[in-house]
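Let's take a tour of this protein chain, one stop at a time.

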Amino acid sequence: MLITKLRASLIHLLLSMFVVGAFLTFALLVWYPQPFFASSGLKDIVLILLSVDLILGPLLTFVVFKPNKPSLKFDLGFIAVVQIAALTYGMYTIYQGHPIYVAYAVDRFTLISAADVTPNDAKEAELRASGWWKPIMVYAETPSDPKEREKLIFEVLSGKPDIDARPEYYQSFEDNISKVLAGGIKPEKLFASPPHKAALDRFLTQYGKTATDYAFLPLVGKEDDVIWVWDKATSKAVDTISLTPWNL
């Protein structure tokens with residue numbers, strides 16, 4: 001009997017691992033490419049999803065499984081319904097929270113989810129995110145016209161989204177990357193306190209070069225804000241440093 005229970009529970013576990021693993025692999029590679037998942041605020045949802053589908057489900061199967069049990073089909077069906085409900089909730093929440101844009105505005109990157117914007121407001125067709133694929137990097141340009149800038153300020157004060165969540169102001173990130181990399185947090189600020197200096201030293205030890213070879217840019221997430229480091233020579237993102245950009 002014990003061997004039969006273990007076999008049924010193991011089959012259940014392997015099926016759950018395949019389904020959950022396939023979904024999370026897609027989500028982490030496509031919806032939340034590095035370094036966005038760590039700042040997304042969805043760690044708890046993923047843990048619940050894993051707990052229900054990979055632990056609770058197979059465990060309940062082990063408890064209820066008995067060959068020739070009259071209610072076996074009902075019991076297994078109920079477990080399946082609970083798992084599907086948990087999986088559906090987790091998938092929907094993870095989808096809703098994933099960034100469809102990574103917008104640079106003024107002096108920082110911000111993760112923008114589908115709930116934050118109307119992608120069709122973007123003037124350029126290639127900047128209209130579908131929401132089903134990888135997030136699009138964009139540059140939000142503050143209007144140069146004084147009247148348009150004043151209008152934007154009043155709209156923000158009245159409760160409308162700021163410029164980083166306004167696709168009508170989005171421009172190509174690649175066309176503006178030199179402006180982005182010219183800004184950022186000055187290395188001397190990072191060196192100003194021992195904990196920050198230690199974090200920067202660890203980064204430089206791992207990736208080489210000097211601090212002046214990198215741009216240190218704030219990345220605002222749904223849960224955590226970090227410093228996103230870009231290589232000025234290659235114009236490529238390198239890694240994040242787990243320091244709050246606003247406490248320097």
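## Lysine 209 and its loop

Look for lysine 209 in the loop between α7 and β5 (214–220). In this predicted model, lysine 209 has a positive phi of about 65 degrees, even though it isn't a glycine. Here's the background: most residues other than glycine have a negative phi, and most peptide bonds are trans.

Is lysine 209 buried, exposed or partly exposed? Its relative accessibility is 47%, so it counts as partly exposed, given that "exposed" starts over 50%.

Valine 106 is another residue other than glycine with a positive phi, near 65 degrees. You'll find valine 106 in the loop between β1 and β2 (108–113). Because its relative accessibility is 65%, valine 106 counts as exposed.

Now head to the loop between α1 and α2, where proline 35 sits. The peptide bond that runs from glutamine 34 to proline 35 is cis, and its omega is near 10 degrees.

## Rings that pair up

How many aromatic pairs does a search of the whole structure find? The count is 19. Take phenylalanine 36 and tryptophan 228: their ring centres are 5.5 Å apart and their planes meet at 80 degrees, so this pair is edge-to-face. The pair ties together distant parts of the chain, 192 residues apart, with phenylalanine 36 in the loop between α1 (2–31) and α2 (43–64) and tryptophan 228 in strand β6 (residues 225–231). Both phenylalanine 36 and tryptophan 228 are buried.

Tyrosine 104 and tyrosine 139 make a stacked pair, with 6.1 Å from centre to centre and 15 degrees between the planes. This one also links distant parts of the chain: tyrosine 104 is in strand β1 (residues 99–105) and tyrosine 139 in strand β3 (residues 136–140), 35 residues apart. Tyrosine 104 counts as buried because its relative accessibility is 3%, and tyrosine 139, at 10%, counts as buried too.

## A stop on helix α7

Finally, find lysine 197 in helix α7 (residues 194–207). With a relative accessible area of 36%, lysine 197 is partly exposed. Which residues does lysine 197 touch, not counting those up to four places away in sequence? They are Leu190 and Phe191.

For a sense of scale, compare lysine 197 with leucine 15: they are 182 residues apart in sequence and 47 Å apart in space, C-alpha to C-alpha.

Key:
Residues numbered from 1 in each chain as written. Predicted model: local features only at pLDDT ≥ 70, side-chain atom pairs only at ≥ 80, totals over all residues. Heavy atoms only, no water. Helix = DSSP H or I, 4+ residues; strand = E, 2+ residues; numbered from the N terminus. Buried < 20%, exposed > 50% of the residue type's maximum accessible area, 1.4 Å probe, protein only. Contact = heavy atoms within 4.5 Å. Phe/Tyr/Trp six-rings, centres within 6.5 Å; stacked < 30°, edge-to-face > 60°.
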